[in-house]
Amino acid sequence: MIPFAFETGTTNVGLEKPRRKYTKKIPPTWEHVLDLSNHPDTTTAAATQTRSYVPPTPVSPFETGVPQNSLSTPVRVRYRAPVTPSFYNPTIAGGYRTAHSDTQPPFDIPIDTARIPEPAQLGQYCDGSNIGIGTSQGSLLFSLETAQASEEGHFPTPYAPSTYSLLSPLSLDEHATNLPPNPLYLHDYPSPTLDEDVDVPRMRGPRIPQSQALPNALREALTALKNAKITPTDFLLCLLDETDATYADYRTTFYAENNTEKLGNLMTTIWTRHKGNRIRDSCLLPLAVDLVCDTIHREMDNAKPYLRMSIKDVTPEFVENWNIHEIMGPVSQDVTPTWSAILDAATETKTAKGKTKLRNSRNRGTGRHMLSAQAHYLRSFSSCKVQVGIGMMAWATGASRSLINVLHHSCLSMSSASIIAAVESLAEGSIQEARIAAAGPHGHNYDNINISTSIHVEQAPGAMSKVQSGTLSVIYPLPDVNPEHLLLAPMMEQFKNSSPLKMSDLRPSNTALESYTFQSAITIAGVLFKYVGGFSDYASRPGLQHRPVRRQPTGRKAKYYPLRCVTIEEASTQGNIHVQEDAYRVQLNREVEDLCTYAIPTANDGLTNSRIRAIQSSRLMDLTVWDRRSMYMIAIGLLHMLMNLIWALKQKHKATINQSGSLTHLFAVLEKVRLGGEHPDFHALLSALTQILDGFLLNAWREECGYDSFEKFAQAKPSDDEILRIARVIFLKYATPDSSLQPIDKKTKIDELRAKGCNARAPPRKSTSISIEDVSDEDSNTDVVQATADGDFGRIEHILPDLACLFRGAGCNNYSTEILHLLFQIKEVWTPEFA
């Protein structure tokens with residue numbers, strides 16, 4: 001005989017009952033005595049037992065709230081094997097349940113274990129399957145069943161407990177004849193094991209459909225409330241009163257999770273009905289405001305980790321990738337949805353929200369992100385990701401300390417002191433990146449810098465200088481470069497075996513001449529595409545594009561890592577030595593041995609390059625490559641070359657305002673000012689020269705297209721070859737100097753020069769007010785600008801000899817010499833891979 005216990009929704013019966021899972025603590029208000037002393041043969045040991053509980057409302061005797069002998073939804077029965085007591089001294093362990101109805105669900109209250117006499121002594125109040133226990137406050141009815149268990153632990157006769165619960169406070173003897181029939185035995189079901197679940201049908205009546213039961217029950221309930229002169233509001237207030245423990249069960253059910261939808265429907269009904277507006281505004285609105293405020297408090301606290309930042313976290317990557325939409329977008333959408341909804345409602349009317357946004361409409365998304373960032377920063381000083389970025393931008397664009405402090409008090413920026421600290425942290429991060437870049441193939445460029453520190457004519461005593469001069473160095477990593485191509489030893493060997501340049505080295509090859517002619521024709525055709533609407537689609541045709549020679553990959557942008565500015569003048573030879581020492585030995589922490597193996601390209605202005613060559617010449621007998629500065633491979637800076645080129649053109653062709661076609665005359669016609677100085681602004685002068693050249697070439701197109709107007713020319717739809725043919729004619733006729741040569745030696749004849757290919761007869765030119773030399777020089781300048789913009793150094797290399805001659809003819813000997821040095825390096829010193 002193995003004892004067992006059942007755990008069901010109604011009664012727990014067995015030889016030993018463990019503590020129930022859903023034990024509800026009841027305040028001790030009544031003393032309930034389980035008294036069996038009135039029954040004969042009841043042992044004294046189990047005579048009485050005291051239990052504190054709150055008694056439920058009495059109902060009619062043996063009433064369970066559902067019809068008997070009816071099957072309902074199956075329940076789960078779990079068999080347990082407790083400690084084995086004596087069969088003839090059994091233990092009843094169970095719980096009782098309040099009578100339930102449609103409005104009051106059952107509610108379990110456990111009782112302690114009660115000892116009962118042996119089965120032979122229970123004949124007066126036991127019918128074999130049900131045990132009734134009479135008490136002074138109520139009657140308890142339990143079902144008891146014992147079963148034989150096999151050695152494997154299977155039960156041949158599973159037990160289906162009775163559905164009877166706590167009864168009314170009447171004696172058991174008066175209703176002994178009303179005991180229900182024996183409970184259902186499941187002899188036909190398979191025997192479960194100790195750990196197996198089995199579905200057991202329950203003795204419960206069929207459910208009444210809610211659509212039928214609810215109106216009837218509601219009508220009866222309202223009638224009862226009306227007779228008692230209780231309003232539904234008073235009823236709910238009494239039911240939900242937390243100080244009254246009588247209705248605790250109902251409150252639990254009322255606030256249950258499965259009742260959330262119904263409660264939501266109730267609140268929505270009151271909120272949306274017209275008659276509920278007064279209640280909403282006077283009662284619910286303050287509560288809603290408090291609820292929303294509590295929600296925003298939680299959202300703002302949850303957003304802190306996403307916006308937290310300190311000064312030491314400011315890095316070049318953060319500044320480069322800073323984007324307010326990427327920072328605030330996920331926070332507003334996922335972390336602070338309630339705050340974002342309130343901000344949307346406050347910043348845009350319902351009417352404007354439904355309208356289509358125009359291109360020039362205010363960017364409300366960015367504005368909301370800014371307002372949210374201000375609110376987060378006002379709440380927590382650490383939530384400053386947005387403020388750091390705006391403060392750094394204000395500092396970089398020259399905002400004053402006072403303006404940054406105003407932005408700080410507006411919660412748009414960090415304070416000026418914090419921004420300066422962030423700049424120092426950013427500088428250290430930039431130096432660290434430069435150290436990593438300088439460990440591999442890289443270039444080193446530097447130039448002078450002048451910082452204005454005051455707008456006043458005179459400085460106060462002890463103040464810093466009005467203008468602070470210094471030097472800025474930049475490290476350029478070389479992408480896709482094989483380090484073996486930068487080895488110094490092969491280039492030094494070629495330098496020892498090199499020979500001086502010859503005049504033949506300055507003549508462009510046939511390939512370079514053909515390339516230059518074609519590129520110039522494309523430039524001339526681009527003027528037509530730019531200013532005539534009928535030819536705008538020609539600009540994207542593949543046959544009318546510049547031919548790449550050695551062009552950088554499309555989309556590649558040069559990365560660079562600036563070093564700290566130093567107050568060292570690089571205009572002198574000694575200053576250059578100090579700048580290089582500070583850059584590599586101090587800031588980059590490089591050892592001398594690391595700087596003696598690979599070449600370091602450097603492209604600077606003419607003055608800096610001449611100073612580096614002076615260092616190399618004066619230190620030829622030094623011991624190491626670093627001391628001799630032999631690792632520097634010098635090239636000309638394209639920006640400085642272009643700047644000096646247009647200055648030279650301006651000085652060469654400016655003439656006077658009275659001379660028609662001169663640059664001074666054309667500047668006056670175009671109303672260009674501040675271009676008469678020796679070194680005018682680079683961008684202003686370049687723009688003026690470009691407009692003059694475009695106007696002249698556009699007039700040449702009008703003369704050579706063969707039509708009365710550009711509209712008719714566009715309607716004719718000329719082919720690409722026809723466009724290029726006319727462009728070549730314009731190039732030879734309007735942009736090529738006179739090819740007739742006068743021999744220096746009178747014995748040399750023109751026919752002999754022509755036989756050697758030194759000149760070619762150009763087509764007859766049309767007389768113009770502007771000189772052909774002006775157009776030719778400006779066209780060369782435009783080709784250099786276009787090639788630089790395309791990143792194609794091969795096209796520039798093709799016209800380097802012509803540029804050297806152009807600088808020499810304009811009197812700029814320094815840059816003419818620089819170009820010659822570059823040609824010498826390319827042809828004699830550098831390896832083909834390095835060049």
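Over how many bridges do E11 and E12 pair in the antiparallel sense? The two strands pair over 11 bridges. The structure is a predicted model, in which local features need pLDDT of at least 70, side-chain atom pairs count only at pLDDT 80 or more, and totals for chains, interfaces and linings use all residues. Residues are numbered from 1 along each chain as its sequence is written, and side-chain values use heavy atoms, without hydrogens and water.

E11 and E12 belong to an open sheet of 3 strands, ordered E11-E12-E13, with antiparallel pairing. Strand E11 covers 442–452 and strand E13 covers 561–562; both stand at the edges with a single partner strand, so one side of each has no neighbour in the sheet. Strands (E, at least two residues) and helices (H or I, at least four residues) are DSSP runs, numbered from the N terminus. Two strands count as paired if DSSP finds at least two bridges between them. Strands of a sheet pair through backbone hydrogen bonds, either parallel or antiparallel.

Strand E12 spans residues 467–477 and pairs with E13 in the antiparallel sense over 2 bridges. Val474 has Pro562 in E13 as its bridge partner. Helix H16 (residues 573–587) lies across E11 and E12. H16 runs at about 115 degrees to E11. Axes are lines fitted to C-alpha atoms, for helices over the stretch in contact (heavy atoms within 4.5 Å), and angles run from 0 to 180 degrees between N-to-C directions.

Helix H19 comprises 16 residues, 638–653. At 1.5 Å a residue it should span 22 Å, and its end C-alpha atoms are 22 Å apart, which agrees. The expected span is 1.5 Å times one less than the number of residues. Of the 16 residues of H19, 12 are buried, so the helix is largely enclosed by the rest of the structure. Buried means under 20% relative accessible area, exposed over 50%, and partly exposed in between (1.4 Å probe, protein chains only). Among the buried residues of H19 are His640, Trp647, Lys650 and His653. Ala655 follows H19 and has a positive phi, near 50 degrees.

Most residues other than glycine have a negative phi. Lys229, not a glycine, has a positive phi of about 55 degrees. Lys229 is found in the loop between helix H1 (210–227) and helix H2 (232–239). Its relative accessible area is 77%, and Lys229 is exposed. Arg674 also has a positive phi, near 60 degrees. Arg674 is placed in the loop between helix H20 (663–669) and helix H21 (682–704). At 79% relative accessibility, Arg674 counts as exposed.
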